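Here is a short briefing on one protein chain. It is meant to be read with the model open.

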Amino acid sequence: MIASSQDSRLTPEAYLQLEADREIKHEYIDGEIYAMAGVTDTHVSIAGNIFALLLGYLRGSDYRVYISDMKVSDPAVKRQGLHAAKAFVTVGKN
């Protein structure tokens, strides 16, 4: 990935506001944004299959499965960022 040409670091809120109006998606890491590569048919098929498997396996549990177009952040990770996960799982009340 190539860093954007922006000189100043963005807040997560500013990044999300900018990202809402863009055709090309980016990830946010430590105040900087990085353009993401486009997707292929194979990529979308794999993500869909993973989502379907997780959804079927976790149905009826306290887990919730998500797919695409949501930004994910993990406070336990040293380099803070917002990532475009293709599929992810949360537990508990949302």
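The points below go from the overall fold to single side chains.

This is a predicted model, in which local features need pLDDT of at least 70, side-chain atom pairs count only at pLDDT 80 or more, and totals for chains, interfaces and linings use all residues. Residues are numbered from 1 along each chain as its sequence is written, and side-chain values use heavy atoms, with hydrogens and water left out.

**Overall fold**

- The protein chain holds two helices and six strands. Helices (H or I, at least four residues) and strands (E, at least two) are DSSP runs, numbered from the N terminus.
- Along the sequence the pattern reads α-β-β-α-β-β-β-β.
- The C-alpha atoms fill a box of roughly 45 × 30 × 25 Å, taken along the principal axes.
- Of the 94 residues in the chain, 20% are buried. Buried means under 20% relative accessible area, exposed means over 50%, and partly exposed lies in between (1.4 Å probe, protein chains only).
- Among contacts with a separation of 6 or more, 46% come from residues 24 or more positions apart. A contact means heavy atoms within 4.5 Å.

**The four-stranded sheet**

- Four strands form an open sheet in the order β2-β1-β5-β4, with antiparallel pairing. Two strands pair if DSSP finds at least two bridges between them.
- The edges are β2 and β4, each with a single partner strand, so one side of each has no neighbour in the sheet.
- β1 and β2 pair in the antiparallel sense over four bridges. Glutamate 27 stands opposite tyrosine 34 in β2.
- The hairpin of β1 and β2 has two residues between the strands. In this hairpin, aspartate 30 takes a positive phi near 50 degrees.
- β4 and β5 (residues 81-84) pair in the antiparallel sense over two bridges. Here lysine 71 stands opposite alanine 84 in β5.
- Helix α1 lies across β1, β2, β4 and β5, running at about 175 degrees to β1. Axes are lines fitted to C-alpha atoms, for helices over the stretch in contact, and angles run from 0 to 180 degrees between N-to-C directions.

**Histidine 26**

- Histidine 26 is in strand β1 (residues 26-29). The residue counts as buried because its relative accessibility is 10%.
- Its side chain makes a polar contact of 3.4 Å with that of arginine 22. A polar contact is a pair of N or O atoms within 3.5 Å; within protein, one must be able to donate a hydrogen and the other to accept it, and residues adjacent in sequence count only if both atoms are side-chain atoms.
- Leaving out residues up to four places away in sequence, histidine 26 touches Tyr15, Glu19, Ile33, Tyr34, Ala35, Met36 and Lys71.

**Salt bridges**

- A search of the whole structure finds two salt bridges. The term means a side-chain nitrogen of Lys or Arg within 4 Å of a carboxyl oxygen of Asp or Glu.
- Glutamate 32 pairs with arginine 9, with the closest N and O atoms 3.5 Å apart. Glutamate 32 is in strand β2 (residues 32-35) and arginine 9 in the segment before α1 (12-20), 23 residues apart.
- Glutamate 32 is partly exposed at 28% relative accessible area, whereas arginine 9 is exposed at 55%.
- Lysine 71 and glutamate 19 form a salt bridge of 3.7 Å, N to O. Lysine 71 lies in β4 (residues 71-72) and glutamate 19 in α1, so the pair ties together parts 52 residues apart in sequence.
- Lysine 71 is partly exposed at 27%, whereas glutamate 19 is buried at 5%.

- The whole structure has two aromatic pairs. Rings of Phe, Tyr and Trp (its six-membered ring) pair if their centres lie within 6.5 Å; planes under 30 degrees apart count as stacked, over 60 as edge-to-face and the rest as tilted.
- Tyrosine 66 and phenylalanine 88 are stacked, because their ring centres are 4.9 Å apart and their planes are at 10 degrees.
- This pair links strand β3 (residues 63-67), which holds tyrosine 66, to strand β6 (residues 87-91), which holds phenylalanine 88. Both residues are buried.
- Valine 65 also lies in β3 and is buried, at 12% relative accessible area.
- Not counting residues up to four places away in sequence, valine 65 touches Phe51, Leu54, Leu55, Leu58, Phe88 and Val89.
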